Amino acid sequence: MSAVDARALEGIYAGGDDPWDFRTSAYEQRKFEATAAALPRTRYRSGLEVGCGNGELARHLAPRCDRYAGLDAVDSALEAARRAVPGAAFHRGFLPCELPDGDHDLVVLSEVLYFLDAGGIDALAAQIDRRWPAADVVCVTWRGPSGNPLEGEAALALFLAAVEGRTAATARLERGFRIDVLSPCAADGWRAAG
């Protein structure tokens with residue numbers, strides 16, 4: 001279900017808790033700001049970031065949420081996330097797994113789908129649909145080579161095909177990344193008010 005084993009994920013963080021230079025990269029900061037700008041609602045009751053890494057995206061999103069939770073498989077990343085956003089709750093989990101409980105009306109999947117295989121993506125989509133049908137789901141996708149069996153946009157296409165009851169729109173498309181927002185549909189097919 002996961003296309004990458006846990007040791008490979010631990011290895012990414014072996015040299016430090018910021019392996020992609022999230023804290024200092026102008027590109028990463030621009031992407032984080034674009035993700036925050038793409039959120040359809042001004043405020044959320046509860047945000048959940050799946051694959052939260054070291055919490056640098058959480059710094060941009062948590063202030064928009066009454067509660068914020070993150071999930072990641074790597075302990076050192078979680079320790080960094082807890083330092084970055086002390087008021088949030090960060091949990092350890094290796095996808096596909098049961099996601100942290102909460103009344104989440106925002107679910108963020110930032111550059112995490114390509115770590116899964118098709119079965120894992122289906123399971124993740126089904127769990128989000130079942131547990132949080134009224135949540136906005138924001139997918140941030142790296143458009144370059146990932147080194148994983150599924151590249152970013154192929155993984156995103158599988159996720160978009162698997163989710164139900166949401167309308168999808170691309171909020172931002174750049175050479176390096178894209179941001180897609182999936183909003184819940186009302187029974188008549190119109191987007192639910194947020």
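A residue counts as buried when its relative accessible area is under 20%, as exposed when the area is over 50%, and as partly exposed in between (1.4 Å probe, protein chains only). By that rule β4 is mostly covered, with 5 of its 5 residues buried. This is a predicted model, in which local features need pLDDT of at least 70 and side-chain atom pairs count only at pLDDT 80 or more, while totals for chains, interfaces and linings use all residues. Residues are numbered from 1 along each chain as its sequence is written, and side-chain values use heavy atoms, with hydrogens and water left out.

**Overall build**

- The protein has 6 helices and 7 strands; helices (H or I, at least four residues) and strands (E, at least two) are DSSP runs, numbered from the N terminus.
- Read from the N terminus, the order of elements is α-α-β-α-β-α-β-β-α-β-α-β-β.
- The radius of gyration, taken over C-alpha atoms, is 15 Å. A compact globule of 194 residues would come near 16 Å, so the value agrees; the globule rule is 2.2 Å times the number of residues to the power 0.38.
- The C-alpha trace spans about 50 × 35 × 35 Å along its principal axes.
- Of the 194 residues, 51% are buried.
- Among contacts (heavy atoms within 4.5 Å) with a separation of 6 or more, 65% are between residues 24 or more positions apart.

**The sheet**

- The 7 strands form an open sheet with mixed pairing, in the order β3-β2-β1-β4-β5-β7-β6; two strands pair if DSSP finds at least two bridges between them.
- The edge strands β3 and β6 each pair on one side only.
- From one strand to the next the twist averages 20°; axes are lines fitted to C-alpha atoms, for helices over the stretch in contact, and angles run from 0 to 180 degrees between N-to-C directions.
- Strands of a sheet pair through backbone hydrogen bonds, either parallel or antiparallel.
- β4 pairs with β1 in the parallel sense over 4 bridges, and L48 stands opposite V107 of β4.
- β4 also runs parallel to β5, joined by 5 bridges, and V108 stands opposite V138 of β5.
- Both faces of β4 are covered: L106, V108 and S110 are buried on one side, V107 and L109 on the other.
- β6 and β7 (residues 177-184) pair in the antiparallel sense over 7 bridges; L173 has R178 in β7 as its bridge partner.

**Helices**

- Helix α2 (residues 26-38) lies across β5 (136-142), β6 and β7, and runs at about 20° to β7.
- Helix α4 (residues 75-84) packs on the sheet and touches β2 (65-72) and β3, its direction making about 175° with that of β3.
- Helix α1 (residues 6-12) includes L9, which is buried at a relative accessible area of 14%.
- Leaving aside neighbours within four places in sequence, L9 is in contact with V4, A73, V74, F94 and F115.
- L9 and A73 lie 64 residues apart in sequence, yet their C-alpha atoms are 7.4 Å apart in space.

**Salt bridges**

- The structure holds 22 salt bridges; each is a side-chain nitrogen of Lys or Arg within 4 Å of a carboxyl oxygen of Asp or Glu.
- Side chains of opposite charge can pair when their charged atoms come close.
- R7 and D5 form a salt bridge, with the closest N and O atoms 3.9 Å apart. R7 is exposed at 70% relative accessible area, whereas D5 is partly exposed at 39%.
- R45 and D105 meet in a salt bridge at 3.7 Å, N to O. This pair links distant parts of the chain, 60 residues apart: R45 is in strand β1 (residues 44-50), and D105 is in the loop between β3 (89-92) and β4 (106-110). R45 is partly exposed at 39% relative accessibility, but D105 is buried at 4%.
- D129 and R166 form another salt bridge, at 3.3 Å, N to O. D129 lies in helix α5 (residues 118-131) and R166 in strand β6 (residues 166-173), 37 residues apart, so that distant parts of the chain are linked. Both D129 and R166 are buried.
- Salt bridges with shared partners join D17, D18, R23, E56, R59 and R83 into one network.
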